[in-house]
Amino acid sequence: MLNLLSFLFGIVSLIIVIPATIPLLGWANWFALPLIVIGIIVGQLSSSNSGRNFNIVVLLIAAIRLSLGGGII
């Protein structure tokens with residue numbers, strides 16, 4: 001059950017992160033980061049690792065985009 005909840009946090013975060021890859025929308029990643037961290041924590045509490053791993057991948061996408069944009073743009 002916790003793994004499914006972790007996946008849901010990851011999917012909602014991914015819906016926010018994908019449009020944030022467009023130039024001048026990078027600030028949306030800052031809204032997704034708390035959801036991603038919550039998803040990772042919930043996935044860590046689960047007996048399965050797939051939800052946590054999915055959230056880590058989404059976190060890497062958001063972090064790379066933030067680093068390319070200088071953290072804001």
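Visitor: Where is Leu45 found?

Guide: Leu45 is found in helix α2; helices are DSSP runs (H or I, at least four residues), numbered from the N terminus. This is a predicted model, in which local features need pLDDT of at least 70, side-chain atom pairs count only at pLDDT 80 or more, and totals for chains, interfaces and linings use all residues. Residues are numbered from 1 along each chain as its sequence is written, and side-chain values use heavy atoms, with hydrogens and water left out.

Visitor: Why does Leu45 count as exposed?

Guide: Exposed means over 50% relative accessible area, buried under 20%, and partly exposed in between (1.4 Å probe, protein chains only). Leu45 has 63% relative accessibility, and therefore counts as exposed.

Visitor: How do you know that the span of helix α3 agrees with its number of residues?

Guide: The expected span is 1.5 Å times one less than the number of residues. For the 19 residues of α3 (residues 50-68) this gives 27 Å, and the end C-alpha atoms are 27 Å apart, so the two agree.

Visitor: Which residues of α3 are buried, and why are they said to line one face?

Guide: The buried residues are Gly51, Arg52, Asn55, Val58, Ala62, Arg65 and Leu66. Seen down the axis of α3, they fall within an arc of 145 degrees, and so line one face of the helix; the arc is that of the directions from the helix axis to the C-beta atoms. On the other side, Leu60, Ile64, Ser67 and Leu68 are exposed.

Visitor: What do the buried residues of α3 pack against?

Guide: They pack against α1 and α2, where contact means heavy atoms within 4.5 Å.

Methods:
Helix = DSSP H or I, 4+ residues; strand = E, 2+ residues; numbered from the N terminus.
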